[in-house]
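Subject: Structure for your files, with notes

Hello,

Here is the structure you asked for. My notes follow below.

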Amino acid sequence: MTQNALETNPAAAVPGVVAPLDLDQLYRRHRLHLLRFVQRYLRNAEDAADVVQATFVEAARCAGRFAGLSKPSTWLFGIALNLARNQVRRNCADLYECVEEGFMEQIADLDADPAKLVELRQTAARVQALFDALPAPIRATFDAVLDGEASYEEAAERLHIPIGTVRSRVSRVRSAMRQECA
């Protein structure tokens, strides 16, 4: 132990006597370390700040019971870890409390057939491949009418083509898609 430490804490020189904790110094020295430690554990800055604050409140409340069997910083980090664990438990409990009883039954699709879903995905992939293989002007016309939700007249105006060409192109795409899905 250094002479400086003995001067600031005379009780530290006497074996078996625990020096009183300087919570102000502990706060200044370890607050940021504690905050980073708890943030890594909780992954939430606001909860971490609350836990660090609670750590120092708890340390102040229990300072008289500090036995000196460990360094004060180790004791402080132990308090922080316990409080962080409690916060994680509360956060998990809050997640489950938000779901109302019977929620899963409401969203479950009882008629879902895995084979049908696979078949639908395969059909969608074939249709997408067919659509991607179409020439760009035909795709643009189809997109303008169906995805763009434009009327045939608006699409013709936007693409600078006759309305009959728009009708013809859309008709060809629909016919090809029907054949692919049949």
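How many aromatic pairs does the count come to by the ring rule? The rule pairs rings of Phe, Tyr and Trp (its six-membered ring) if their centres lie within 6.5 Å; planes under 30 degrees apart are stacked, over 60 edge-to-face, and the rest tilted. The count comes to 4 aromatic pairs. Two of them are described further down.

First, the basis of the numbers. This is a predicted model, in which local features need pLDDT of at least 70 and side-chain atom pairs count only at pLDDT 80 or more, while totals for chains, interfaces and linings use all residues. Residues are numbered from 1 along each chain as its sequence is written, and side-chain values use heavy atoms, with hydrogens and water left out.

Overall make-up

The protein has 9 helices and 0 strands, where helices (H or I, at least four residues) and strands (E, at least two) are DSSP runs numbered from the N terminus. Of its 182 residues, 23% count as buried. Buried means under 20% relative accessible area, exposed means over 50%, and partly exposed is in between (1.4 Å probe, protein chains only). Among contacts (heavy atoms within 4.5 Å) between residues at least 6 apart in sequence, 53% join residues at least 24 apart.

Cores

A nonpolar core here is a set of buried Ala, Val, Leu, Ile, Met, Phe, Trp, Tyr and Cys residues joined through side-chain atoms within 4.5 Å. The largest has 17 residues, and Leu-34, Val-38, Leu-42, Trp-75 and Leu-76 touch the most other members. Two or more residues each come from α2 (23–42), α3 (45–62) and α4 (72–97), with α3 giving the largest share, 6 residues. A second, separate core has 13 residues, including Phe-131, Leu-134, Ile-138 and Val-166. Beyond its neighbours within four places in sequence, Leu-42 contacts Asp-47, Ala-48, Val-51, Ala-84, Gln-87 and Val-88.

Aromatic pairs

Back to the count of 4 aromatic pairs. One of them, Phe-66 with Trp-75, is tilted, at 5.1 Å centre to centre and 55° between the planes. Both Phe-66 and Trp-75 are buried. Phe-131 and Phe-142 also form a tilted pair, at 5.7 Å and 55°. Phe-131 lies in α6 (residues 114–133) and Phe-142 in α7 (residues 136–147), so this pair ties together parts that are 11 residues apart in sequence. Phe-131 and Phe-142 are both buried.

Helices α8 and α9

Helix α8 (residues 152–159) packs on helix α9 (residues 163–181) at an angle of about 110°, with the axes 8 Å apart. Axes are lines fitted to C-alpha atoms, for helices over the stretch in contact, and angles run from 0 to 180 degrees between N-to-C directions. The angle makes α8 roughly perpendicular to α9, a label covering 65 to 115 degrees (under 35 is roughly parallel, over 145 roughly antiparallel, the rest oblique). From α8, Tyr-152, Glu-153, Ala-155 and Ala-156 meet Ile-163, Val-166, Arg-167, Val-170 and Arg-174 of α9.

Two backbone points

Most residues other than glycine have a negative phi. Arg-43, in the loop between α2 and α3, has a positive phi of about 60°. Arg-43 is exposed, with a relative accessible area of 75%. His-160 has a positive phi near 60° and lies in the loop between α8 and α9. His-160 counts as exposed at 71% relative accessibility.

Regards
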